[in-house]
Amino acid sequence: MKVDRWKRYFANLTPVIGLLVLMGAFFVIGTKEDINITYGLQTIINQSVVVAVVATGAVFIYTLGSFDISLGAAVAVSALMGAISYNKTKSILVMFLVCVSVAILISLFNSVLASFFNLPVFVTTIAMLSVLNALVLILIKINGTGSQIAVPADAVMDLDSLGVKLTVLILFVIVCIILFNFTSIGRMQKFIGGNATCAKLTGISGSKMAIVAFAIAGIGVGLGAFLTIIYAPTLTKDTASSVGMDIIIAIVFGGMPVSGGARSKIYAAVIGAFSMTFLGQIMILLNFNSGIGQMVKAAIFIIIVYIASSNHKNKLLPR
Amino acid sequence: MKDSGRSMGKRLVGILAIPVGVLMIILILCGAKGIRLFATEGNWIAFFQATATVMITTIVLSINLNSGRFDFSIGSISLLSSVISASICIRFGLATGPMLLISIIAGAVLGLCSGVVYVLVKLPPIIISLGITLLYEGAAFTVTNGYGVSFVANNELVSFPSVFNYIIVIVLCLAFAIVVFDHTKFGYDYKALLSGQKVAVETGIHEVKNAIICYTIAGGMMGIVGFLSATNTGTIQMALNFGSISIMFTAFLPMFIGGFIGRFCNEKIGYFIGALTMAFVSLAYARLNVHSSVQQIITALLLVGFLIYLNNEKVIKNIFGFRKRRAEKNYEV
């Protein structure tokens with residue numbers, strides 16, 4: 001019995017232990033390869049922060065047992081709209097507000113469409129992914145200089161600091177933790193993710209909760225878009241192209257079940273995002289080519305997720 | 001007799017309404033612009049190539065998705081199997097026949113590995129498929145040193161594209177899927193597991209074996225898709241960071257169309273007709289010179305529109321039924 005309890009603790013802590021091991025490996029290999037560790041860490045934070053912010057908001061969607069594959073494309077469209085608005089108004093505040101508003105609108109459109117017409121959310125987001133990707137090309141064509149839309153680098157230079165990025169991330173994570181762990185929103189969402197029928201019978205509206213979840217995810221997408229512009233003010237069709245899938249990997253890597261429910265946790269997104277970036281940097285330090293690096297990443301991903309979910313195995317094959 | 005004839009007619013209308021309707025709209029649009037939809041032999045080849053590729057991908061997607069197993073890895077299996085078969089054929093100077101065979105075997109083995117990992121680690125299939133996708137994309141990249149494979153100058157290997165060959169592929173794949181899933185013990189078990197996993201397992205159906213066979217069949221069929229894509233262009237381009245999953249998205253709309261048509265005939269034939277419909281649309285995009293971003297938006301809107309209809313069919317029928325009844329009532333008065 002005691003052994004089972006320890007096993008459960010260990011399994012729950014696997015993502016955190018994984019992150020610590022990866023950090024340790026990064027420091028050891030970095031020191032051995034004589035790289036500038038401080039610069040390396042800055043790069044890791046810069047690369048992780050967008051995925052961490054967007055994934056933190058997306059946890060609310062995943063908790064419901066839903067899935068949004070269009071978040072990366074939503075980041076790109078919001079960032080492009082933000083950049084266009086900056087170029088028109090020369091105001092950072094307007095750019096920020098446009099990023100967040102556009103992202104929330106896109107997210108709400110997804111959820112309202114799904115709720116109103118009774119559509120499966122995942123398929124709606126697949127359709128939305130195509131629409132948003134097309135919109136990226138159209139926006140660049142209409143407003144850009146051929147293949148890009150750029151915000152002057154000196155306009156966002158002051159904001160391009162680790163302090164700003166970490167502050168945005170920490171504040172958003174705190175707000176999400178409060179909403180998720182200390183309000184009825186989080187409780188209801190976990191309930192729906194755990195057993196939608198039971199939740200419905202107790203009077204919880206699945207549609208309303210979906211709209212709330214998508215709205216919060218939209219805020220994360222908006223913040224992610226803003227941080228994207230700050231880090232790379234020249235936006236192209238490839239901007240945030242990998243963010244969509246990185247979010248899914250980060251959330252799962254961080255120990256969150258894709259089925260949602262009571263075992264969902266906000267911090268999974270942050271742990272997963274940083275773990276992935278550390279892993280990527282270690283592959284670079286070890287001079288692996290992109291293919292081998294990706295294979296090693298895949299193997300570690302499956303192993304960590306396997307250990308983290310070893311307590312929740314069923315007799316039947318999971319679906 | 002009269003009733004059966006009427007029911008037959010109703011089924012025929014159900015089967016043909018979507019493809020014929022779409023074709024009519026496309027012909028009208030092309031006619032308005034003075035363009036012939038099938039002007040050259042190349043158009044016919046492109047049409048049948050699209051039909052074959054989309055139909056097989058749709059069947060593969062449905063094999064696991066219908067059982068609640070979301071599989072992101074089908075694109076990467078297609079990529080890696082075609083890389084393996086093309087590399088071997090270029091190295092040993094083999095023809096298209098062996099290339100197809102190697103592609104199918106490689107795909108089946110990759111699918112089998114994917115299935116074995118799934119049943120061993122017992123993680124949700126969506127997670128396994130993410131890991132497998134990364135693994136296979138990475139392997140394809142490593143095998144080709146990131147350069148991909150090109151055999152444009154190899155006349156033997158690029159000789160496959162022809163209307164006849166694609167029709168043969170379509171017929172054989174369709175017949176294989178229908179026989180295996182509708183007329184074998186494996187197929188009956190598959191359907192039992194699909195409709196009630198727990199009950200089926202408790203009645204003695206071997207779920208693990210069934211799942212592994214599903215993954216193997218899906219892998220083998222994606223090997224064919226990889227072969228068709230590779231021999232069509234003579235090149236295989238690399239994809240990393242989930243670049244290979246886009247092929248899966250082409251199959252969603254035909255899968256839903258096929259699911260709808262499947263009410264009136266065999267579901268697999270429904271997928272074929274869904275793929276045929278999408279091939280008409282793809283050819284129309286090409287002939288009408290529609291920009292790729294506009295294509296994406298139109299296809300997405302068609303998907304959403306069709307899903308709205310499917311998920312609200314009763315409501316829509318009730319509204320129209322009510323109007324019809326009211327009109328009849330007014331007429332009687």
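Across the interface of chain B and chain A, five residue pairs are in polar contact, both residues of each pair being at pLDDT 80 or more. A polar contact is a pair of N or O atoms within 3.5 Å; within protein, one must be able to donate a hydrogen and the other to accept it, and residues adjacent in sequence count only if both atoms are side-chain atoms. This is a predicted model, in which local features need pLDDT of at least 70 and side-chain atom pairs count only at pLDDT 80 or more, while totals for chains, interfaces and linings use all residues. Residues are numbered from 1 along each chain as its sequence is written, chains are lettered from A and ligands numbered from 1 in the order in which they are written, and side-chain values use heavy atoms, with hydrogens and water left out.

**The interface**

Chain B brings 51 residues to the contact and chain A brings 43 residues, where contact means heavy atoms within 4.5 Å. About 4400 Å² is buried between chain B and chain A, and carbon and sulfur atoms give 77% of that area. Buried area here is the accessible area (1.4 Å probe) that two parts lose on being put together, summed over both. On the chain B side, the residues that lose the most area to chain A are B:K122, B:L123 and B:I127, together 13% of what that side buries.

Between chain B and chain A the count of salt bridges is zero. A salt bridge is a side-chain nitrogen of Lys or Arg within 4 Å of a carboxyl oxygen of Asp or Glu.

Several helices of chain B each supply at least two residues of the side that touches chain A, among them α4 (96-121), α5 (125-143), α9 (207-233) and α13 (292-311). Helices (H or I, at least four residues) and strands (E, at least two) are DSSP runs, numbered from the N terminus. α5(B) gives the most to this side of chain B, with 14 residues. By class, the side of chain B that touches chain A has 33 nonpolar, 14 polar and four charged residues. Ala, Val, Leu, Ile, Met, Phe, Trp, Tyr, Cys and Pro count as nonpolar, Asp, Glu, Lys and Arg as charged, and the others, Gly among them, as polar.

**The core and buried residues**

The largest nonpolar core has 217 residues, and B:I56 and B:F72 have the most contacts inside it. Such a core is a set of buried Ala, Val, Leu, Ile, Met, Phe, Trp, Tyr and Cys residues joined through side-chain atoms within 4.5 Å. Helix α2 (residues 37-63) of chain A gives the most to this core, with 15 residues. Residues touched by B:F72 include A:F67, A:I69 and A:M245 in chain A, and B:I126, B:L130 and B:I245 in chain B.

B:T53 lies in helix α2 (residues 41-65) of chain B. B:T53 counts as buried because its relative accessibility is 12%; buried means under 20% relative accessible area, exposed over 50%, and partly exposed in between (1.4 Å probe, protein chains only). Beyond four places in sequence, B:T53 touches B:V225, B:L228 and B:S229.

A:Q189, in helix α8 (residues 184-194) of chain A, is buried, with a relative accessible area of 0%. The side chain of A:Q189 reaches the backbone oxygen of A:M209 at 3.1 Å. Not counting residues up to four places away in sequence, A:Q189 also touches A:F60, A:T63 and A:L64, among others.

A:L223 sits in helix α10 (residues 206-231) of chain A and is buried at 11% relative accessibility. Outside four places in sequence, the contacts of A:L223 are A:V53, A:F96, A:V100, A:V168 and A:F172.

**Salt bridges**

Over all chains, the whole structure holds five salt bridges. Three of them are listed here.

| A:D238 | A:K237 | 3.6 Å |

B:E313, in helix α14 (residues 313-332) of chain B, and B:R263, in the loop between α11 and α12 (267-287), are 50 residues apart, and their pair links distant parts of the chain. B:E313 is buried at 11%, while B:R263 is partly exposed at 46% relative accessibility. B:D182 is buried, with a relative accessible area of 13%, and B:K191 is partly exposed at 39%.

**Loop residues**

A:K90 is in the loop between α3 (71-89) and α4 (92-116) of chain A. Phi of A:K90 is near 60 degrees, a positive value in a residue other than glycine.
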